[in-house]
Amino acid sequence: MKKRAAIPSWVPTLLFAALVFIAVQYASDREIISRYWSQVIVFAAVTSISALGLNLIYGFNGQFSLGQVGFYAIGAYGSALITKDFSKNPWSGDPIGALCWIMAAQIGIVLVLLAFQLLHIGDLNKSLRKTLSRTLKTHEASMICTLVTLVASALILAAGYYATLGLHWVTYRLMSALFTALPANAAKNVNFLLAILNGGTIAALVAYLVGLPLLRLGSDYFGIATLGFAIMVYTALQNSDLVIPTMKGARGMVGIPLYTTWGWAFGALVVCIIVLRNLIRSSQGRAIISVREDEIAARAMGVDVTRQKAVAFTFGALFAGIAGALYAHLYGFLHPSSFNTIKGFDPLIIIVFGGLGSMTGTIMASVGFALLIEGLRVVLPQGFEDWRFVIYPILLLIVMLLRPSGLMGTKEWGWLRAPLPPERDIPVPQRALAAQQTHNHGEEA
Amino acid sequence: MASAHSLADSTALLDIRDLTMQFGGLRAVSDLSLSVPSYGLHGLIGPNGAGKTTVFNMISGLYVPSSGEIVFDDRMINGMAPQQISHLGVARTFQNIRLFKDLTVLDNVRIAYHQHAGYNLIEAITRLGRFRRQERLLTEQAQDFLAVFGLQDRQLELAKNLPYGEQRRLEIARALAVRPKLLLLDEPAAGMNPNETETLMQLIRFVHDEFNLTILLIEHQMRVVMGICEWITVMDFGQVIARGTPDDIQSNAAVIEAYLGKQFGKGLTPDVAAS
């Protein structure tokens with residue numbers, strides 16, 4: 001039995017977090033580190049959030065995904081549309097136009113999904129077929145069933161569309177009331193907060209919809225399918241100006257307000273770490289991990305594997321969306337090439353490097369990754385910058401050879417560690433004790 | 001087969017009727033009927049490849065039967081998802097131990113408790129509402145199970161670091177945490193020495209009495225089957241060839257033939273054959 005620490009584990013963790021926050025804030029305020037380097041540190045925090053999301057999907061849930069960059073991009077562009085509309089020369093002619101439409105559309109989609117779930121549209125076909133086949137011929141029954149299912153789905157979709165229009169009216173009233181009530185500076189911050197949250201939820205919603213069919217695939221096939229998803233997002237972004245001109249497609253989206261500060265990025269990171277840690281250290285989280293460990297045993301123990309995969313994938317994408325939103329407002333410029341498949345490997349490299357199934361390792365590796373890539377740019381002589389992408393893969397190879405399970409393996413630090421169970425004296429029934437004793441005797445013999 | 005149907009009364013917890021499993025051209029189980037009465041300790045034996053584990057996989061929902069019915073607790077369960085069947089009260093262990101290897105002993109049991117956790121995702125993330133009380137309760141109940149199985153001192157060790165016998169016991173503990181009505185044990189004594197086997201037999205009897213369970217077990221070691229089972233069903237080539245009390249089975253000509261071939265049709269007991 002491990003020894004119990006006198007002070008609770010969250011105390012040193014909180015102190016450490018506070019220290020990091022104050023140190024970076026102080027250093028960038030006093031210009032001890034240049035603006036460029038404080039941007040690199042903020043970028044490291046942003047990357048951590050996205051990588052933590054992927055670690056939930058791949059490290060904890062065991063689903064090999066290459067689609068993280070797609071969700072990152074969705075979060076980035078979605079949130080940029082919202083804040084760009086609000087800050088200056090509203091592209092939709094209305095400061096809160098994009099925000100309200102995005103929010104209404106999301107609620108509308110959720111309502112449609114709920115309707116499909118509650119009305120059992122999936123089972124309708126099967127049950128109706130069973131009833132009808134008693135009186136009708138097989139082909140007649142199946143034709144009628146298909147028609148009924150299609151009509152029912154179409155009705156729900158139409159209802160969802162009109163619900164979205166209604167919801168837009170409601171959200172528009174609410175948001176304009178909210179933003180007129182707030183002073184200018186607070187309104188800006190609230191708008192950014194809403195943009196971040198919406199960036200996350202759009203990505204999560206898309207992940208849920210994409211995950212429904214994809215998560216049925218086995219691990220490698222799932223990886224390929226998510227790669228396909230990332231490529232689709234990339235292609236869509238390159239041609240995005242055909243639908244929304246202000247996204248500018250392959251020319252790159254400019255004029256996004258630079259809202260992301262160290263405070264925002266650090267705050268978002270802390271919230272994401274708390275959410276992920278609380279999720280992992282709960283019965284839900286254990287069920288998620290059991291899917292990685294042994295899917296068949298998990299099913300036999302009553303774990304709904306499909307549900308756990310969907311939860312992990314959706315939460316992972318939520319984190320990616322939030323990270324994307326922060327990224328968009330860090331540099332103020334978005335280009336599809338920042339979200340191509342090569343970039344898509346970055347979070348994967350980070351979580352393998354840090355340790356699959358270790359939150360601490362992921363954060364360490366993200367910071368290390370960002371600092372290494374930028375640090376090499378400074379260290380290497382002029383004209384040799386491209387050698388960074390030779391040096392860091394070599395470093396990666398060395399680490400993988402020396403520590404195949406990553407820097408941390410599945411170990412955690414401080415508050416992120418699993419809490420120790422209570423120590424108790426448990427009375428054991430006499431017959432059970434008897435069985436145990438003969439057993440121990442048997443082992444010695 | 002007449003004796004098989006005399007058992008199928010209204011108290012049967014599990015009732016299998018004309019169950020068939022077809023893998024391409026292979027008929028692993030064909031027209032199998034089997035009924036397991038409540039609170040019984042029932043054995044399922046047969047030579048290698050007889051289809052015993054396939055039957056288990058169908059009962060626990062991992063395979064969908066090609067045809068036939070599985071009725072558990074007055075409900076048709078064939079075609080249901082494994083987790084639904086588990087929620088109805090069926091738990092199992094595996095022939096080749098399937099623990100969550102990189103998790104602690106305690107977590108292995110707590111995962112099986114998931115469906116009884118009693119708090120939702122939001123409560124887990126915010127740590128509000130029922131979370132604290134339920135999580136403590138859940139942990140304590142898992143520890144109680146471990147104590148019964150003599151594993152309480154091992155609760156923080158990784159499952160893969162346990163010795164073989166303890167892994168077997170942990171798997172049974174984990175299955176019990178599902179709070180099943182029916183426990184399926186797939187070759188629990190495989191790879192155990194005589195002493196360990198003796199303990200296991202005591203343990204199975206204890207579990208059966210203590211938790212008011214119905215147990216269906218597959219086993220090759222005749223000592224175990226003959227020692228603890230009240231009823232035994234013998235399978236060969238996907239079909240039931242005999243069933244009855246251990247005494248009946250030991251002198252059944254069809255069983256001896258299945259294990260030893262035609263020339264031994266009479267005079268040897270399967271006990272000798274298997275040892």
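Colleague: Which way does α4(B) cross α7(B), right-handed or left-handed?

Modeller: In this predicted model, α4(B) passes α7(B) in a right-handed crossing. The helices concerned are α4, residues 105–112 of chain B, and α7, residues 164–177 of chain B, and their axes come within 7 Å and cross at roughly 30 degrees. Since angles under 35 degrees count as roughly parallel, α4(B) is therefore roughly parallel to α7(B).

Colleague: Which residues make that contact?

Modeller: On the α4(B) side they are B:Val105, B:Asn108, B:Val109 and B:Ala112, and on the α7(B) side they are B:Leu170, B:Ala173, B:Arg174, B:Ala175 and B:Ala177. Sorted by class, the contact of α4(B) with α7(B) has seven nonpolar residues, one polar residue and one charged residue.

Colleague: Now chain A: how do α5(A) and α6(A) pack?

Modeller: Helix α5 of chain A, residues 121–132, packs against helix α6 of chain A, residues 138–181, at an angle of about 150 degrees, and their axes are 9 Å apart. The two helices are therefore roughly antiparallel to each other, and α5(A) passes α6(A) in a right-handed crossing.

Colleague: And what meets what there, between α5(A) and α6(A)?

Modeller: From α5(A) come A:Ile121, A:Leu124, A:Asn125, A:Leu128, A:Arg129 and A:Leu132, and among the residues they meet in α6(A) are A:Ala141, A:Ile144, A:Cys145 and A:Val148. The contact of α5(A) with α6(A) has nine nonpolar, four polar and one charged residues.

Colleague: Switching to sheets, what is the strand order in the four-stranded one of chain B?

Modeller: That open sheet runs in the order β2-β1-β4-β5 of chain B, and its pairing is antiparallel. At its edges stand β2 (26–37) and β5 (75–76) of chain B, each with a single partner strand, so one side of each is left without a neighbour in the sheet. Helix α2 of chain B, residues 52–59, packs on this sheet, where it touches β1, β2 and β4 (67–72) of chain B, and the direction of α2(B) makes about 65 degrees with that of β2(B).

Colleague: How many bridges join β1(B) to β2(B)?

Modeller: Eight bridges join strand β1 of chain B, residues 12–23, to β2(B), and the two run antiparallel. To pick out one pair, B:Leu14 has B:Val36 in β2(B) as its bridge partner.

Colleague: What about the sheet of six strands, which strands stand at its edges?

Modeller: The order in this open sheet is β6-β7-β8-β3-β9-β10 of chain B, with mixed pairing. The edges are taken by β6 (90–92) and β10 of chain B, each with a single partner strand, so one side of each is left without a neighbour in the sheet. On average, and with direction ignored, neighbouring strands of this sheet are turned by 20 degrees against each other.

Colleague: Is the pairing of β3(B) with β9(B) parallel or antiparallel?

Modeller: Strand β3 of chain B, residues 41–45, pairs with β9(B) in the parallel sense over four bridges, and B:Leu44 stands opposite B:Thr233 in β9(B). By contrast, β9 (residues 231–236) and β10 (residues 239–244) of chain B pair in the antiparallel sense over five bridges, with B:Ile232 opposite B:Gly244 in β10(B). These two strands, β9(B) and β10(B), form a hairpin with two residues between them, and B:Phe237 in the turn has a positive phi of about 50 degrees.

Colleague: How many residues does each chain put into the contact between A and B?

Modeller: Chain A gives 40 residues and chain B gives 48 residues. On the side of chain A that touches chain B, α9 (262–280), α10 (283–293), α11 (295–300) and α16 (430–444) each supply at least two residues, and the largest share, ten residues, comes from α16(A). The residues on that side of chain A divide into 19 nonpolar, twelve polar and nine charged.

Colleague: Last topic, confidence: where does pLDDT stay under 50 in chain A?

Modeller: In chain A it stays under 50 over residues 439–445, for which the model has eleven contacts beyond four places in sequence. In chain B it stays under 50 over residues 1–9, with nine such contacts. Where pLDDT is low, the predicted coordinates should not be read in detail. The mean pLDDT is 90 for chain A and 86 for chain B, and the model scores ipTM 0.87 and pTM 0.91.

Key. Residues numbered from 1 in each chain as written. Chains lettered and ligands numbered in written order. Predicted model: local features only at pLDDT ≥ 70, side-chain atom pairs only at ≥ 80, totals over all residues. Axes fitted to C-alpha atoms, helices over the stretch in contact; angles between N-to-C directions. Parallel < 35°, antiparallel > 145°, perpendicular 65-115°, else oblique. Left-handed = near helix turned anticlockwise from the far one by under 90°. Contact = placed C-beta atoms within 7 Å. Nonpolar A, V, L, I, M, F, W, Y, C, P; charged D, E, K, R; others polar. pLDDT = per-residue confidence, 0-100. Pairing = 2+ DSSP bridges.
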